[in-house]
Amino acid sequence: EYYISQVRKKQQIYVAANTIEVAKYPFPAEKRTKIISIGSFKKYKNLGNLILAFKQIIDKIPADITLDFVGNGEEEGKLTSLVKENGLEDRVIFWGRKESDEDIYPIISRAIVSVSPTQAGLAVLHSMAFGCPFLTAEDAGTGGERFYIENKVNGYFYDGSIAALAEKLLWMIGHPEQNIQ
């Protein structure tokens with residue numbers, strides 16, 4: 001509706017929703033122990049904020065919960081350095097780039113939530129297709145995928161600050177029954 005409202009000739013525009021195809025996998029009922037981020041490591045995604053938020057809650061969450069990154073990219077060195085600087089090597093896992101659902105499924109099937117701090121792109125749809133809620137900032141950059149998130153229904157928004165991200169993660173970990181899609 002936003003894009004249509006911005007053009008003069010409304011009858012000449014059609015907005016095709018971005019989408020992906022995901023193979024059908026059962027979503028297991030086993031305990032979820034991962035906070036995941038899927039996608040390329042780009043500066044504008046502010047993935048370092050996720051590491052810093054995780055650091056804030058690490059002493060308040062069960063020891064089996066990990067922060068897992070699926071992807072690679074230009075910010076990988078900075079992210080791994082940030083993990084080391086904060087002594088999180090035992091709780092943060094870098095899986096590398098995975099493109100097939102078969103490779104992603106074992107990771108996302110154990111996910112409490114999929115997070116991208118300031119970017120809500122195709123990872124929103126990919127996560128939801130696997131039944132995993134998505135968490136991003138209220139003003140996240142997007143190609144329209146952010147509009148698929150219904151706050152507190154199939155995903156969550158936060159105000160964009162590291163403190164609010166940490167608070168939302170802590171709440172989600174403490175309320176797993178609320179987050180099974």
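Predicted model: local features only at pLDDT ≥ 70, side-chain atom pairs only at ≥ 80, totals over all residues.

Residues are numbered from 1 along each chain as its sequence is written, and side-chain values use heavy atoms, with hydrogens and water left out.

The protein has 6 helices and 8 strands; helices are DSSP runs of H or I with at least four residues, strands are runs of E with at least two, and both are numbered from the N terminus. Their order from the N terminus is α-β-α-β-α-β-α-β-β-α-β-β-β-α. Of the 181 residues, 45% count as buried, where buried means under 20% relative accessible area, with a 1.4 Å probe and protein chains only. Among contacts (heavy atoms within 4.5 Å) between residues at least 6 apart in sequence, 62% join residues at least 24 apart.

Let me turn to helix α2. How do the axes of α2 and α6 cross? The axes of α2, residues 47-57, and α6, residues 162-174, come within 8 Å and cross at roughly 60 degrees. That makes α2 oblique to α6; angles under 35 degrees count as roughly parallel, over 145 as roughly antiparallel, 65 to 115 as roughly perpendicular and the rest as oblique. Axes here are lines fitted to C-alpha atoms, for helices over the stretch in contact, and angles run from 0 to 180 degrees between N-to-C directions.

On the α2 side, the residues that meet α6 include Leu50, Ala53 and Ile57, and their partners in α6 include Leu165, Leu169 and Ile173. The buried residues of α2 are Leu47, Gly48, Leu50, Ile51, Ala53, Phe54 and Ile57. These buried residues pack against β1, β2, α3, β3, β4 and α6.

In helix α4, residues 101-108, Asp101, Ile104, Tyr105, Ile107 and Ile108 are buried. Their cover includes β1, β2, β3, β4 and α5.

Finally, where does threonine 33 lie? Threonine 33 is in the loop between α1 and β1, and it is buried, with a relative accessible area of 7%. Beyond its neighbours within four places in sequence, threonine 33 contacts Asp64, Ile65, Thr66, Arg110 and Ile112. Threonine 33 and isoleucine 173 are 140 residues apart in sequence, yet their C-alpha atoms are 8.6 Å apart in space.

How values were computed
Buried < 20%, exposed > 50% of the residue type's maximum accessible area, 1.4 Å probe, protein only.
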